[in-house]
Amino acid sequence: MKRKKNVKPLIQRHPRMVARGDGFKVISTGRHKLKFGDTYARLLGASWHRIIVIMVALYLCINITFALAYLTIGNGIEHARAGSFLDAFFFSVQTLATIGYGVLTPHGDLANLVVTIESMFGFAFYGVVTGVVFSKFSRPTARIMFSNNAVITEHEGKPHFMLRLANERDNRIVDASAKFTLMRDEVTKEGVEMRRFYDLPLVRRQIPVLRLTWTVMHEINAESPLFGANTETLAASESEIIVSINGLDETLSQTVHARHSYITDEIVFDAAFEDILHRREDYVLEVHYDRFHQLKTNKPT
């Protein structure tokens, strides 16, 4: 099970099931899809940066629209400068937020009608913003750091597939459990190419507390789907190994989960992880996270 040299990087025909960075790229055709369907779910799944940009843009659009409406009315705002967009804009801001300083006030039935409509928009806007922000903050998340590479190497005289993970928070994940799933292309007896999934049994699938690091291992024996695998066979079948982690966050008292995946170029043969735990003379345990992703050769000298 040795990795040959000068292997060209794999070009994935299939999108990664667990994407890194640039997302899960799939183009859907022939499916009816509403442009604004599942807006709430999309916002929850978006990054904080994108949410802030959307909210600020929507806030400005609402106020600019109503400012133009007040200007169109003409003399609709008491104590405002004639034709002043800034006065109309800031009056809209005060109305949307129900501030009401009392300096700028609506004048006439038409202006009061626009104020009424804007007030309803304000209730809806701030309700949506509050709901999204609260749901985003309160949603339980895990901060699990996965090693950049997985390894296939000898352990206790037998080949094992291994990866390393760590809890990045200064708390504990109780009853943490892991699961490996192999996904690869296969051809059936009828000559049909299929994407199939295989569970990879773990040497230990659960630990009582995840406080520091955990090296998760799968023994590659005769019954393992990885038996006899090498870089070429993994690349040819476009294999992807998915790791799923879940457990109870002791601080949040809620179940958290994380996932990661490794494709052929991220699986290193005949290597091992550098040691990152060190016990000092005063019995204090040091964890060198700066060496978390480093590998060393596992060949006997």
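**Exercise 1.** In which strand does I207 lie, and is I207 buried or exposed?

*Solution.* This is a predicted model, in which local features need pLDDT of at least 70, side-chain atom pairs count only at pLDDT 80 or more, and totals for chains, interfaces and linings use all residues. Residues are numbered from 1 along each chain as its sequence is written, and side-chain values use heavy atoms, with hydrogens and water left out. I207 lies in strand β8, residues 206-210, where strands are DSSP runs of E with at least two residues, numbered from the N terminus. I207 has a relative accessible area of 12% and is therefore buried, the term standing for under 20% with a 1.4 Å probe and protein chains only. Leaving aside residues up to four places away in sequence, I207 touches D175, A176 and W214, contact being heavy atoms within 4.5 Å.

**Exercise 2.** Determine how the axes of α2 and α3 are oriented to each other.

*Solution.* The axes, lines fitted to C-alpha atoms over the stretch in contact, with angles from 0 to 180 degrees between N-to-C directions, come within 8 Å and cross at roughly 120 degrees. The two helices, α2 and α3, are therefore oblique to each other, because angles under 35 degrees count as roughly parallel, over 145 as roughly antiparallel, 65 to 115 as roughly perpendicular and the rest as oblique. Among the residues making this contact are Y59 and L71 of α2 and F85 and L96 of α3.

Definitions and conventions
Helix = DSSP H or I, 4+ residues; strand = E, 2+ residues; numbered from the N terminus. Buried < 20%, exposed > 50% of the residue type's maximum accessible area, 1.4 Å probe, protein only.
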